Structure formats: C-alpha cells, structure tokens
Amino acid sequence: MNNVELAKKVWESLKGSTAKAKKFQDLVAVSISLISENNENIFIAVRDGKLMVEPYRYDDNNCEVEASAEIIEKMFSGALSFDKALSEGSVQVKRGDPAKLKALEVLVPSKKAAAKAPAKKPAAKKTAAKKPAAKAPAKKAAAKPAAAKAPAKKEAPKPAAAKAPVKEAPKPAAAPAKPAAPAAKPAAAPKKDEKK
C-alpha cells in the first residue's frame, strides 16, 4: 500500500471525528515515515480544530514516527491500540513527543464498535443467507394455504346461492293470498245464484 492509499484509508477512518478534532486546543502534528522501498510519508495533524491527513512529509511536526503502512492502518481503524504499537516496537518514535501521537487516538473510531462490527457483519451475512432460504419455503407454504383458502371462499358463495331460493320462498307465501281471492269468488257465485 502506498502513501496515497494509506492517507485515504486513514482519512476514511477519522473523518467521522471532525467534531472531536474541534476540541483540540494545541497543535498536534505527526509525520509518519512508512517502512517501504519508496521511503514514503504521510502526516496527520489537528490545527485550529481542523483535521488533516495528507500523503507527504510534514516538517513542522511535533512528533515523527516510523512504521509500516499496515500497522498505521490498524492503529487508525481501531484494530491496534497506540500504546501496544509503541510498546511492541511496531511504531518507533524518531523524534518529538510520543504523547502527540497518542493524542490522535481519541479520533479513532470506538474500539468497542470496531471490535463488535467485524463480529456482527459476518453473523449478519450468515443470518441474511439463512433468512431468505427460510422465507422462501415459508412463502411457498403460505401460498398453499392461501390456495386452500381460496376454494373455501369459492365454496362459500355456492351455499349463498343455495340460500337464495330459500329467500324466494316468502314469495310463494304471497301466492296463498291469491287462493283466498278464489274463495271470495265462490262467495260471489252464490250471490249470482241467488239472483236466479
């Protein structure tokens, strides 16, 4: 990884901490010499509350260190503590105050979040992979009962059609009222007989 790529990765890790950088009252400027064939450098500084990460050497620094690009990336992503990197010798202070380098650690994303995030992401991916498989049969199973319910709904209208003639039964009840009229006619018929 070259200095330009590393500077971008460090910036991506730290860009969410610009509000924390505003709280810095002193200049913190750390120049980092990368252990590589090309002798590349990056610098990380907080000046007047503004965070800067650039892919070149910064001479007006208050701490100069040397480390590999991989170690610097781990430190600023939260995977490796600054104290551990310094104590193990992964980062060597060439000149200046190592406390200035340690001051930048407050800008690093939360170690707890960084530690939990990798654990959650694979678990989420595994769960996500299992859930679609579980959902697909569930949808098929849901479709089958829905199909079973659909004929039940179709059957329901059939009995309703059978009930319709029952509702028509009261109409024939009106028909007996008509036979009552013929009964009245025979009564009139005898009246006619009376005239004879």
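Helix α1 (residues 3-14) comprises 12 residues and spans 16 Å from its first C-alpha to its last, close to the 16 Å expected at 1.5 Å a residue. The model is predicted, so local features need pLDDT of at least 70 and side-chain atom pairs count only at pLDDT 80 or more, while totals for chains, interfaces and linings use all residues. Residues are numbered from 1 along each chain as its sequence is written, and side-chain values use heavy atoms, with hydrogens and water left out. Helices (H or I, at least four residues) and strands (E, at least two) are DSSP runs, numbered from the N terminus.

In α1, N3, L6, A7, V10 and L14 are buried (under 20% relative accessible area, 1.4 Å probe, protein chains only). Seen down the axis of α1, these buried residues fall within an arc of 100° and so line one face of the helix; the arc is that of the directions from the helix axis to the C-beta atoms. They pack against α2 (18-21), β1 (28-34), β2 (41-47), β3 (50-54) and α3 (69-77), contact meaning heavy atoms within 4.5 Å.

Five strands form an open sheet of mixed pairing in the order β3-β2-β1-β4-β5, where two strands pair if DSSP finds at least two bridges between them. Its edge strands are β3 and β5 (92-96), each pairing on one side only. Strands β1 and β2 pair in the antiparallel sense over six bridges, with V28 opposite V46 in β2. Antiparallel pairing also joins β2 and β3, over five bridges.

Technical notes. Expected span 1.5 Å × (residues − 1). Buried < 20%, exposed > 50% of the residue type's maximum accessible area, 1.4 Å probe, protein only.
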